[in-house]
Amino acid sequence: MAAKKNNTQETTQVSHGAGTQEKVFPPLDPSTFAPQLIWLAISFVALYIVMARVALPRIATVIEERRDRIASDLDQAEQLKQQTDEAIAAYEQALAEARARAHGLAQETRDTLSHEIEAEKAQVEKQIAKKMGEAEQAIANAKSAAIGNLSQVATDAAQTIVTELIGGKLTKTEVNKAVSKALAS
Amino acid sequence: MANDQAHQAQGGMPDPIHQFEIKRHLDLEVFGVDASFTNSSLWMIIAAVLVSLLMIWGMGGRALVPTRLQSIAEISYEFIAIMVRDIVGASGMKFFPFVFTIFMFILFMNMLGMLPGAFTATSSIAVTASLALMVFVTVIVVGFAKNGLGFLKLFVPSGIPKILYLLVVPIEVISFLSRPVSHSVRLFANMLAGHITLKVFGGFVTMLIGTGGTLAAVSIFPLMMAFALTALEVLVAFLQAYVFAMLTCMYLHDALHPGH
């Protein structure tokens with residue numbers, strides 16, 4: 001089986017050793033074409049089958065899975081971001097509402113208080129006015145009483161003085177008349 | 001081995017072509033066809049196994065946050081997926097495993113060829129030509145299967161004066177037929193030339209050191225050159241795999257959408 005090939009190999013070696021230029025340029029040597037082509041076909045076809053059937057579909061799956069995973073992660077991130085935005089918006093709205101309500105309450109309290117103060121002030125003023133009236137009344141009474149007393153005292157005094165000084169008897173009516181006259185002037 | 005010794009004995013520069021020789025590790029013959037397991041076969045198998053390991057074992061974790069190896073596998077996947085989608089179109093995604101296998105296989109054969117002592121399977125015209133022909137045949141089969149005779153519109157660009165068809169159609173046919181040639185020779189020649197250049201500069205270094213004296217000190221220059229070229233060759237190894245896959249996509253685009 002191998003004898004023929006050994007022969008050709010030996011002859012090339014011999015011719016080369018002799019230093020002649022008869023030797024075929026090895027890359028173009030047709031005697032080596034057949035084994036190269038056969039083994040090229042074997043290795044290429046085997047490699048093609050391994051690549052097409054096993055290796056490439058596996059890599060395609062891995063790359064596909066990774067792409068899906070990244071896409072779904074991005075989706076999830078987007079969704080979470082949306083939720084966050086919503087939460088922030090809700091929080092800000094609640095904050096604004098609370099601020100408005102606080103403002104309203106403060107205003108209301110202020111109004112109520114000022115109303116109450118007004119009412120109380122009015123009442124107090126009314127009371128003061130009433131008390132003032134009473135006091136004035138009391139003063140007037142006292143004054144008139146005092147004046148009444150004064151005329152009594154004056155009458156008595158005048159009667160006594162007249163009696164002492166003049167020694168005459170005067171009726172009360174006459175004295176009263178004189179005192180009133182004197183007081184009126 | 002025998003060749004190496006012969007060169008050392010001659011005291012000359014190492015033969016830059018020697019690295020492209022096919023060595024039979026195991027002689028096989030199947031149905032009268034020579035199917036020997038050679039160094040070329042070995043490195044093609046290693047490339048196929050490494051690609052499979054990267055794409056299957058590297059993806060082992062199937063982690064949501066990828067490990068380094070998983071990242072490499074996923075980046076390769078997306079790199080080619082985007083290329084196929086952009087050039088061939090969304091309808092061309094069924095060719096994605098095909099283009100992906102071509103790209104990774106060529107890339108790994110090219111890159112493995114940069115290892116010292118490794119064989120660059122893509123530096124043989126037989127390999128690149130059969131890959132290119134495979135693409136060529138695929139394009140023709142898909143083109144006729146998808147479009148019927150409409151596929152021939154590929155050779156009849158629209159919007160030019162009728163008389164020019166006499167000129168344009170033959171040109172289009174020739175350019176279509178020459179595709180597998182340029183497709184395969186581009187990859188083959190790049191890998192071949194790069195490795196020869198590297199070997200030549202490497203050879204200078206050993207030769208200069210071998211002579212000794214002041215010339216040994218000068219060997220730093222070809223060494224630096226070889227160093228720079230290695231970086232360039234790594235780039236070329238990637239670039240040629242990319243170009244091969246890119247052209248495959250463009251040809252497949254023609255197959256699916258023959259109207260210009």
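Tutor: Happy to! Let's start where the chains meet: the contact takes 38 residues from chain A and 42 residues from chain B, two residues being in contact if their C-beta atoms, placed from the backbone, lie within 7 Å. Helix H1 (3-17) and helix H2 (33-165) of chain A each supply at least two residues of the side that touches chain B; helices (H or I, at least four residues) and strands (E, at least two) are DSSP runs, numbered from the N terminus. H2(A) gives the most to that side, with 25 residues.

A word on the source: this is a predicted model, where local features need pLDDT of at least 70, side-chain atom pairs count only at pLDDT 80 or more, and totals for chains, interfaces and linings use all residues. Residues are numbered from 1 along each chain as its sequence is written, while chains are lettered from A and ligands numbered from 1 in the order in which they are written.

Now look along H2(A). Its 133 residues reach 186 Å from first C-alpha to last, close to the 198 Å expected at 1.5 Å a residue (1.5 Å times one less than the number of residues). A kink of about 45 degrees is centred on Met51(A); the bend is the angle between axes fitted to the seven residues ending there and the seven starting there.

H2(A) is hardly covered, with twelve buried residues among its 133 (buried: 20 or more other C-beta atoms within 10 Å of its own, C-beta atoms being placed from the backbone). Met51(A) is one of these, as are Trp39(A) and Phe44(A). The buried residues of H2(A) pack against elements of chain B including helix H2 (39-57) and helix H5 (125-147). After H2(A) comes Gly167(A), with a positive phi near 80 degrees.
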